[in-house]
Amino acid sequence: MIACDHYHRYREDVALMREIGVKAYRFSLSWPRILPEGIGKVNDKGLDFYNRLIDELLKAEIIPFITLFHWDYPYELYLNGGWLNNNSSDWFAEYTKIVIKAFGDRVEYWLTLNEPQCFIGFGHHTGKHAPGDRLRFNEILRAAHNVLLAHGKAVQIIRAYSKNKAK
């Protein structure tokens, strides 16, 4: 069953947003949609969807606010340790660079990681949220450290590669 089907109905969704007077739209990118393996080969169809959405928003005079990570971690990278892997911040930086190069000419507002305290605390410590892990405290600290590094590297990339004044 398909719920809202924003992927296929984004034009209608944007038209509705404009009709009701929405001035800004915060949405999250799917890291695995853009990089199915988490790193390496880019899925051009994934980038194309977001390009169409961004263009449609701007045409409707709706400001896009993009969140880079909203808890959908690439499975292949999760199998390689996920946020526990000391390379995870570099993986996130690679993804961020691809995204900024693709959309940084039109998007000014960026959020790096949605609620890291929740996906680390509830997702990796208590297991109540995705990915449902119950890690030891020292592992929680390592994952949180890597998430903070990922944030810092992403901010540097956004500032370096955005073609407008990223905020």
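This is a predicted model: local features need pLDDT of at least 70, side-chain atom pairs count only at pLDDT 80 or more; totals for chains, interfaces and linings use all residues.
Local features are given where pLDDT is at least 70 and side-chain atom pairs where pLDDT is 80 or more, while totals for chains, interfaces and linings use all residues. Residues are numbered from 1 along each chain as its sequence is written, and side-chain values use heavy atoms, with hydrogens and water left out.

**View 1. Helix α6 packs with helix α7.**
Here α6 (residues 116-125) and α7 (residues 137-161) pack at about 150°, with axes 11 Å apart. (Helices are DSSP runs of H or I, at least four residues, numbered from the N terminus; axes are lines fitted to C-alpha atoms over the stretch in contact, with angles from 0 to 180 degrees between N-to-C directions.) That makes α6 roughly antiparallel to α7, the word for angles over 145 degrees. On the α6 side, look for Pro116, Phe119, Ile120, His124 and His125; they touch Ile140, Ala143, Ala144 and Val147 of α7 (contact means heavy atoms within 4.5 Å). Sorted by class, that's 7 nonpolar, 2 polar and no charged residues. (Ala, Val, Leu, Ile, Met, Phe, Trp, Tyr, Cys and Pro count as nonpolar; Asp, Glu, Lys and Arg as charged; the others, Gly among them, as polar.)

**View 2. Helix α3 packs with helix α5.**
For α3 (residues 44-59) and α5 (residues 88-103), the angle is about 40° and the axes are 11 Å apart. Leu47, Tyr50, Asn51 and Ile54 of α3 meet Ile98, Ala102 and Phe103 of α5. This contact has 6 nonpolar residues, 1 polar and no charged.

How values were computed:
Helices (H or I, at least four residues) and strands (E, at least two) are DSSP runs, numbered from the N terminus. Angles under 35 degrees count as roughly parallel, over 145 as roughly antiparallel, 65 to 115 as roughly perpendicular and the rest as oblique.
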